[in-house]
Amino acid sequence: MEAPLTFACHVVAMPYPARGHINPMMNLCKLMVSKNSSILVTFVVTEEWLGFIGSDPKPDNIWLSSIPNVVPSELIRGHDHPGFMEAVMTKMEAPFEQLLDHLQMPPTIILYDTFLYWVVVVGNRRNIPVASFWTMSASIFSVLLHRHLLEQNGHYPVNLSENGDKRVNYIPGISPMRLADFPLNDGSYRCTRLLQYSMKGITWVHKAQYLLFTSIYELEPRAIDVLKAELSLPVYIIGPAIPYFSLEGNNPILLSTNGTSHNYFEWLDAQPIASVLYISQGSFFSVSSSQIYEIAAALRESKVRFLWVARSEASRLKEICGNMGLVLEWCEQLRVLSHPAIGGFWSHCGWNSTKEGVLAGVPFLTFPIIMDQPLDSKMIVEDWKVGWRVKEDVNRNTLVSKDQIASLLQKFMDLNGDLSREMRERTKKLQQLCHHAMAHGGSAATDFNAFISDIMN
């Protein structure tokens, strides 16, 4: 395809090769080209990911381009996350730079996932401006930026059994938080390697020309104020970068999905309002098989209606959970969360899921696993007060029993209970706050438009 002369700006987008990073960057690119039709986006993925997303609908001025697979498939299948991250950090730079040499139109700017620090190296070497795109919360960015304070205060590594419950209040922009909720903080070899790679992206941000957060100012005002004060580059809080939501008008709405329908929506249509618990533990990490069994058994005993996305374990769990709900391998999450039958969201608290739950206006049951998820859970439960923890014990190996879970589910889904009712009222207020921020003249819409204007000029 020829590159028409009408394109005034060519954005080369380089996401980290994982679902939770590719999706928000693609959503951001779709928003960019919807705002300005003279923007061309070349969206770069590995050959494996091109196979996954190549047939997905997208605007004509988003072109997909691929580089060879650099991550051995056995690392992915074996859930060797440090090995996966090491391959991404050390083997993608060369093929990406070769791709830049063969583009029909020179890049105006490179939009890259903050973890991929080597994109900054390439951009600076070629005098191409780079925009760093952070796909987690601004709060976790502040925690990582100031993690040296943990060492200065003798809190790294953390012995979870001894002081995981201890609260500290010295991280700028973060309300007092448990040591257990800091990411990658137990000093294990696995966590240490992941932390080293994560920190490399943070330390290279100051060499970028722009920094974008896929958040909303009203959700994290203290952390965002700190980052804007401390960082020397322009910072934009551009909104959630999740599918379907339009920034046009005063009330962002859920856009249609080309008329597609699924049997699970017919089932949801038949359920009472706010009666169904939606359960998703994310796409990469998982809890233990024994914990999954306790959750399934609790669903059966609690008699709570549910829709559970369990991916590879769906067929096994259907036999355990009982007949009050559905177990699926996949669903359109935001459309499900926005359905009136959904009354709660059991979540691993990945940032994308957290934003979708907030914007859909549903309360949370939080069950975080790793990385930024414990801090997201902390914000949901303690700062925004729109959810409850499933597991209060900071010890990662503690099993939450089916009896504990069943009792919690019944209280959480009781629409007449005082605690549950107050939480749902706060949830709706937070939803409205975010919708106003995304509407014309709101904080997110204003920052997004400012970024588009800056790169066009």
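A pocket here is found on a 1 Å grid over the protein atoms alone: an open set of points where a 1.4 Å probe fits, with protein on both sides within 12 Å along at least five of seven lines, and its lining residues have an atom within 4 Å of a point. This is a predicted model, where local features need pLDDT of at least 70 and side-chain atom pairs pLDDT 80 or more, while totals for chains, interfaces and linings use all residues. Numbering runs from 1 along each chain as its sequence is written, and side-chain values use heavy atoms, without hydrogens and water.

Select Leu219, Glu220, Pro221, Arg222 and Asp383: of the 15 residues lining the second largest pocket, these lie nearest its centre. Now colour α17 (373-383), one of the elements that supply at least two lining residues; α17 gives the most, with four.

Next, pick Trp134 and Phe141. They make an edge-to-face aromatic pair, 5.2 Å centre to centre with 85° between the planes (ring centres of Phe, Tyr and the six-membered ring of Trp within 6.5 Å; planes under 30 degrees apart are stacked, over 60 edge-to-face, the rest tilted).

Last stop: show Arg335 and Phe265. The charged end of Arg335 sits over the Phe265 ring, 4.4 Å from its centre (NZ of Lys or CZ of Arg within 6 Å of the ring centre and within 35 degrees of the ring normal). Then jump to Arg147, whose charged end sits over the ring of Tyr156 at 4.9 Å from the centre.
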